[in-house]
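The structure comes before my entries.

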Amino acid sequence: MTKRKVGIIGAGAVGATAAYSLSMMGVCGEIVLFDIAEGVAKGKAIDIGQSVHYAPVSTIVTAAESPADVNDCDIVVITAGVPRKGDMTREDLLMINAKIMKSVVEDVMKYSPDAVIICVSNPLDVMSYVIHRMTGWERNRIIGMAGALDGARMAYQIYNKLGYGAGQTGTLVIGDHGQHMIPLPHKVQVGSVNTLELLSKEEMEEIIERTRNGGAEIVKHLGTSGYYAPGRAIAYMVEAILNDSKVVVASSVLLEGEYGYSDVSVGVPVVLGKHGAEKIIEIELDDATREKFKTSVESIREGIDILKANKFFD
Ligand SMILES: NC(=O)C1=CN([C@@H]2O[C@H](COP(=O)(O)OP(=O)(O)OC[C@H]3O[C@@H](n4cnc5c(N)ncnc54)[C@H](O)[C@@H]3O)[C@@H](O)[C@H]2O)C=CC1
Ligand SMILES: O=C([O-])CC(=O)C(=O)O
């Protein structure tokens, strides 16, 4: 990769935190922020740009005056959209965020036609699917951020139970980024020790439940959804793509027969490198997990079907 320019569309809580996190890591030369709300991108770009003075590597942070300035990006992160509040589910954001997605994606296609897109807006899997349908791009170039965050949340819950192994916990969460997400306890290891040997069945069930409700728990306390962990998860994915590091991260990608499904975006383990989601890893699912995966896919398809019924797709 010759240039390392990252566009972030939607400079709200998540977009700005991703920008801040990325600028502190120094993995890209330029970050350009765009937001439809006047002054938001400009103000945050100045603030983040001034914080870079203390970063190990300098990153230029700018604000786009218009979508046309988010041009020639290697990666475009889409964090434009409405977050949930109160008792809302992510699915309640479907119609409003789908409309936002439509205008944003048209601009990305025009101004950064070679980019890898990281979709963040909710409901995540359906929005990632919308981007596929709108762009028609190769599927490796459209990646939904979910498993990176949900996996971090699961690791956090495990540490809180064990009291050791922070930073040594490998987790895997597949399926939708919603009520049917599937944290996989038998895949979790702390320092190469399988957690099935460290935690009781009841403790693991509690961890799974708290992981699944990780987003809602923050909304309950904060009144809006979280942004530090999401921002850091985005930055981790951007770094993996820019550095071509080939790390395995569960992400929402379009299936074309893998796991027995097609024409739906859902979270599965993928290899992240300079071409985006370069490889989908098909892991063996036992019968019970396969059933959960089916429920998860169906829940995403419900959202897609609502858009179809509303003639969202041409
Ligand atoms: N995939 C995931 O794991 C996560 C997803 N999210 C989702 O990310 C989205 C953003 O969340 P927050 O940053 O907390 O919301 P926010 O309200 O703080 O920021 C969203 C920003 O998008 C901007 N925006 C709206 N329409 C736009 C357009 N057409 N072009 C450019 N900017 C536009 C708004 O002006 C606002 O500044 C939400 O949909 C939220 O549910 C949030 C956390 C984690
Ligand atoms: O919970 C929300 O609405 C935002 C989100 O996706 C998360 O934090 O996982």
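Predicted model: local features only at pLDDT ≥ 70, side-chain atom pairs only at ≥ 80, totals over all residues.

Before placing any residue in a helix, I noted that helices are DSSP runs of H or I with at least four residues, numbered from the N terminus.

**Entry: Arg153**

With that definition in hand, I looked up Arg153 and found that its place is in helix 5, residues 147-162. Is Arg153 buried or exposed? I counted 25 other C-beta atoms within 10 Å of Arg153, and because the cut-off for a buried residue is 20 or more, Arg153 is buried. Leaving aside residues up to four places away in sequence, I listed Thr211, Gly214 and Ala229 as the residues that Arg153 touches.

**Entry: Arg84**

I then checked the UniProt record, an unreviewed entry, which places the feature "binding site" at Arg84, Arg90, Asn122 and Arg153. Arg84 has 18 other C-beta atoms within 10 Å, so I wrote it down as partly exposed. Its contacts, again without residues up to four places away in sequence, are Thr89, Arg90, Asp92, Leu93, Val219 and Ser225.

**Entry: ligand 2**

Which residues surround ligand 2? I found Pro83, Arg84, Arg90, Asn122, Leu149, His177, Gly215, Ile218, Val219, Ser225, Gly226 and Pro230. Sorted by class, the shell around ligand 2 holds 5 nonpolar, 5 polar and 2 charged residues. Helix 7, residues 214-222, gives the most to this shell, with 3 residues.

**Entry: ligand 1**

For ligand 1 I counted 36 surrounding residues, and I noted that the closest are Gly10, Gly12, Val14, Ala80 and Gly81. By class, I recorded 21 nonpolar, 13 polar and 2 charged residues in the shell around ligand 1. Helix 1 (13-25) and helix 3 (94-111) each supply at least two residues of this shell, and helix 3 gives the most, with 4 residues. I checked the domains here too, and the shell around ligand 1 draws at least three residues from each of domain 1 (5-144) and domain 2 (147-307).

Notes: Residues numbered from 1 in each chain as written. Chains lettered and ligands numbered in written order. Near = placed C-beta within 6 Å. Nonpolar A, V, L, I, M, F, W, Y, C, P; charged D, E, K, R; others polar. Domains from an automatic or database assignment. UniProt positions renumbered as here; feature names shortened; annotations may be inferred. Buried ≥ 20, exposed ≤ 12 C-beta atoms within 10 Å, placed from the backbone. Contact = placed C-beta atoms within 7 Å.
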